[in-house]
Amino acid sequence: MVKTTTKDQKNTKQQSKLHLIDTDIHERAQYKDLLPYLDQPYRRYITDCHWLQEKHMPYTQPAVAGVDRADARVPDGRPAGSDLSFMKEQLLDPVGHEVGILTGALDPSPSSMHGWYEMATALASAYNDWQIENWLDKDERLYGSVHIAAQDPQAAVREIERVGSHPKMVQVLLPIDDKLWGDPFYHPIFEAAERHDLMIGMHHNEPPIHYGQWPRYFIEWHTLIPTAHMMQVTNMVFNGVFEKFPKLKLMMIEGGFTYVPFLMRKMDQQYKDLRHEVPWIKRMPSDIIREHVCFTTQPLEEMTKKEFLQIIEQMGSDEMVSFSTDYPHWDYDSPYESLPPNLGEDLTRKLFSENARNFYPKLQRIGREK
């Protein structure tokens, strides 16, 4: 086997381990991995009919290994994120993860499945079983996300009821693509999540976010990802999701957080001017966001300590941001290098672990039991 030595592995020779709760790690299944968990006729569609999910991204690959780190490809040639042993060697053990939350790489999302709800539901269900058996049950540090075909809320609720009580499933994962999930049509999903102490995680997917089409270049799409996250947060708040489900919280994954002060200020002003349109909202939107929404750090822009602290101050809380590496993607953030230095012991501890621990009910017992 080819041995790789990452920057983090070198750093841990000199630095103590971090006891990190990493809120965005992408494990990856290949279709052959899901076959044992797929019922017929869906298994046959893959084995006999050679069905492959249509992928949309039109760009030439943005980095030398596509959207992954080149050194994260498994030495036997399998895709990055597809082997637990290699992930342990490259990420979990060197950094000292206390918890890693898996966010997957499957794509049973609305616009990718062209309305084939049954196949999307079958894939999501198979993925959950594969994730539990091959990742959650094999490493005590790993926690999971319930994958659903949310475009079919009834089927999505059945899947949440089926696996949502698993002690290591911490959130329901919704893709950010061409649906705004705060619509009351999808509220049964939130009701089921709340019933099982699951939070909602949202992560952008491959479909367009730019006027219904892809911009000309990957750099444009990647720059504008936070705009899609802003749309979802705005939609969830003004549609009254958090007023209706007061225990529910939302983790916005892989969109960064530097846009949040602007969004909070803009929503507050709109609420002052137009709150008659949303009479079910009884508080300032910024207060709802502070109470119910958390943001993962990656991709973190380079900034000074002063700039970083100014953004936290403008958010009005240092408990809304949780560190994420986004392993094994090409723009992985190292916990040793991506944050400005000397942020202080209290804030660093909140970013690396305590904010995520307080966000996810099922993680709150970890650490406090030690």
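Start by selecting helix 6: 14 of its 20 residues are buried (under 20% relative accessible area, with a 1.4 Å probe and protein chains only), so the helix is largely enclosed by the rest of the structure. Helices here are DSSP runs of H or I with at least four residues, strands are runs of E with at least two, and both are numbered from the N terminus.

Before moving on, know that this is a predicted model, in which local features need pLDDT of at least 70, side-chain atom pairs count only at pLDDT 80 or more, and totals for chains, interfaces and linings use all residues. Residues are numbered from 1 along each chain as its sequence is written, and side-chain values use heavy atoms, leaving out hydrogens and water.

Next, select H50, in the loop between helix 3 (42–47) and helix 4 (84–95). Its phi is near 60°, a positive value in a residue other than glycine. With 61% relative accessibility, H50 counts as exposed (over 50%).

Now jump to P299, in the loop between strand 7 (293–296) and helix 14 (305–315). The peptide bond joining Q298 and P299 is cis, with omega about 0°.

Finish in the loop between strand 8 (321–322) and helix 15 (345–359), where you will find P328. A cis peptide bond leads from Y327 to P328, its omega near 0°. N342 is found in the loop between strand 8 and helix 15 too, and has a positive phi of about 60° without being a glycine.
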